[in-house]
Amino acid sequence: MAQTGALGDKLFRSILWIAATSILVLVAAIFYMMLQNSLPTIERFGMGFLFGREWVPAQETFGALPFIYGTVVSSVLALVIAVPISLGIAIFLTEQAPRSIAKPIGFMVELLAAIPSVVYGLWGIFVLAPFIRNYLGPPLQDYLGWLPLFQGRLTGIGMLTGGLILALMITPIITSVVRDVLQAVPTTQREAALALGATKWETTMIVLGNAASGIAGAVVLGLGRAIGETMAVTMVIGNSPQITASLFEPAYTIASVLAANFADATNEIYLSSLIEMGLILFLVTIVINGLAKLMIMSVTRKSNAASHV
Amino acid sequence: MNRKSILKNATTAFLVVFSVIAAACSGQKMGSGSTESSGTNVSMQGSGSTFVKPMMDKWTSEFGKLNPTIRIDYTGTGSGAGIKAIQSQTADFGGTDAAMSDEELKQATAGEIVHIPVVLGAVVLTYNLAELKEPLKLTPEIIADIYLGKIKKWDDERIKKENPTLTLPANDITPVFRADGSGTSDVFTDYLSKTVPEWKEKIGRTKNPQLPQGVGIGGKGNEGVMGQVKNTPNTIGYVELTFAKANNLPTALIKNSSGKFVEPNSDSVTSAAGGMAAKMPEDLRFEITNADGEASYPISGIVYILAYKDQKDAGKGKALADFLWWAIHDGEKFVRDLHYAPIPSGLVTKTEAKINLLSNNGKPVRQ
């Protein structure tokens, strides 16, 4: 190998520094741009923007509440469905499955994560929506119709379909992170538990307990993805800005209103309103990702410490 | 997969996405006015109305066969997006089925914009009711009340009264509207504003209609509305005629200003435009909704190509002018196959004059 000398080292280090700081600059620039462009809306509506329920671009009335509501409810719905399934898959893969099965299943989970969201959206329109309309919805309305959750028109397009599509999309992410977290729990713990006479179930519980904050991190990562998902949701959620308890009624999310209207917002206040919604989404995503990082970091440190003992 | 490899994959994914975006941005710039025109190859980019997308696809491909050195791409992004693209010069030309408002023209700071009408089309009411054997008949009042959420069931007395021979189901109606800024919505709401006072007061004419809370579902683009109607029973939606025909969905007969129920097709749309040619203003920005004439289909619209009068690039300017000239003359033969209507003869000469306005440094490009 040729000698590069001290100068080469210095040069290399500076290049790395530039590469790393460019990310910071990029994020700061995005934030600044969004803040600056949403100033007209912030000045005009103030906090009222966050709590307004009316969205009528033609009359320059902009309220973000239905979109915030739609984003939160669809994401929470997705988590409620996806978390138990993802945990089940991850525990099976790390604790129970023989290698010969764990490998292909793990591979398929990762494959799911690579499908473009527009494909999920199309599948949602052609398969999931008719399924909900014809098979899942009617029994829910028959037996649980007294709950406001299951009242309203059943068209197959609405909050429930959006939530289910999101659940499907975040399952692979949560699964693979949880699996990694579980694998990080030292084998010695499992051996110790088994040696003390614990059953497989009890051992798993101990492992889960030690990995808890990492699992929480995985869930938050999934939530971050669900909140920002655009295309698939736009195609199945019905795009109607309203706040209702019913899961069958159409709703609207921040990401999908941006996708549908960003390209054609011709007047300043309309564009500014959309950008402020983007800003809200951006801030929420940063907070969520930060939380996830902290949680995953804490479990990693613990497992490192444990394996050094 | 351990954490390091996740990190590695995430970084790779980020870099891939980043470079794709970067490539897309630079591609857009190339399309927007800085490409070399010295050679024989001209490449242009237009965007806008999804209403006219099938027509533009046919025209650009046929024109490309005749002129292999010219490549014109048209993206269906919605009329609102088309107007924005020409204002911000991110496209060489825009397509819209709602003429630009005075305010929108003011925001286009790069010069004077010319409206060039190229084709006419019908906004149709299409519906998903498998049990109907004949087309539904609708009046503007019924359409307005469905979209205002006042008529809720298909077997409503008022729908039954206009359709005595049909057996209508007792199901809820789900109206489908456009979620994005749309010229199709503009034509549709313009028509209802002219015919139904309550609509004018509550919704008005707009590219972004906002229905009362809880009424209907929104689709993005003509194809989005079509997808919802096609896959959801008991829906009704408004789209360009071609989209309904291509999906084998029925179209409603609409009661026009003479009290006749008219089927949407090339002839009834041309008839609507025919009577209006004389009333046209100098800049050709006008509507043909609710037109006079017994044979006129009332929800008809004009599609405009938007271009700057001063074409900064002589090669592109000439290609655009040649293309538009060809489209309203030789290209007309493709119009009816796609269920659009050609612009009436009274308008052709006025359109020719508009195309001849396109110039580079004060010199007309088409010579």
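**View 1. The overall make-up of chain A.** Chain A has a secondary structure of twelve helices and two strands. Please keep in mind throughout that this is a predicted model. Reading from the N terminus, the elements follow the order α-α-β-β-α-α-α-α-α-α-α-α-α-α. Along the principal axes, the C-alpha atoms of chain A fill a box of roughly 65 × 65 × 35 Å. Of the 309 residues in chain A, 41% are buried. Among the contacts in chain A with a separation of 6 or more, 77% join residues 24 or more positions apart.

**View 2. Helix H3 crossing helix H9 in chain A.** Here we look at helix H3 (residues 65–96) of chain A and helix H9 (residues 212–228) of chain A, whose axes come within 9 Å and cross at roughly 135°. With that angle, H3(A) is oblique to H9(A). The crossing in which H3(A) passes H9(A) is right-handed. On the H3(A) side, the contact is made by Thr71(A), Ser75(A), Ala78(A), Leu79(A), Ala82(A) and Val83(A). H9(A) answers with Val219(A), Gly222(A), Leu223(A), Ala226(A) and Ile227(A). Sorted by class, the residues in this contact of H3(A) with H9(A) are eight nonpolar and three polar, with no charged ones.

**View 3. Where chain B touches chain A.** In this view, 30 residues of chain B are in contact with 28 residues of chain A. On the chain B side, the elements giving two or more residues are helix H1 (3–34), helix H3 (79–87), strand E7 (217–219) and helix H9 (221–231) of chain B. H3(B) gives the most to this side, with four residues. By class, the side of chain B that touches chain A has six nonpolar, 18 polar and six charged residues.

**View 4. An open sheet in chain B.** Our last stop is a sheet of three strands in chain B, open and with mixed pairing, in the order E5-E9-E10. Strand E5 (137–138) and strand E10 (261–262) of chain B stand at the edges with a single partner strand each, so one side of each has no neighbour in the sheet. Strand E9 (residues 253–255) of chain B pairs with E10(B) in the antiparallel sense, over two bridges. To find your way in this pairing, look for Ile254(B), whose bridge partner in E10(B) is Val262(B).

Conventions:
Residues are numbered from 1 along each chain as its sequence is written. Chains are lettered from A and ligands numbered from 1 in the order in which they are written. This is a predicted model: local features need pLDDT of at least 70, side-chain atom pairs count only at pLDDT 80 or more; totals for chains, interfaces and linings use all residues. A residue is buried if 20 or more other C-beta atoms lie within 10 Å of its own, exposed if 12 or fewer, and partly exposed in between; C-beta atoms are placed from the backbone. Two residues are in contact if their C-beta atoms, placed from the backbone, lie within 7 Å. Ala, Val, Leu, Ile, Met, Phe, Trp, Tyr, Cys and Pro count as nonpolar, Asp, Glu, Lys and Arg as charged, and the others, Gly among them, as polar. Two strands pair if DSSP finds at least two bridges between them. Axes are lines fitted to C-alpha atoms, for helices over the stretch in contact, and angles run from 0 to 180 degrees between N-to-C directions. Angles under 35 degrees count as roughly parallel, over 145 as roughly antiparallel, 65 to 115 as roughly perpendicular and the rest as oblique. A crossing is left-handed if the near helix is turned anticlockwise from the far one by less than a right angle, and right-handed if clockwise.
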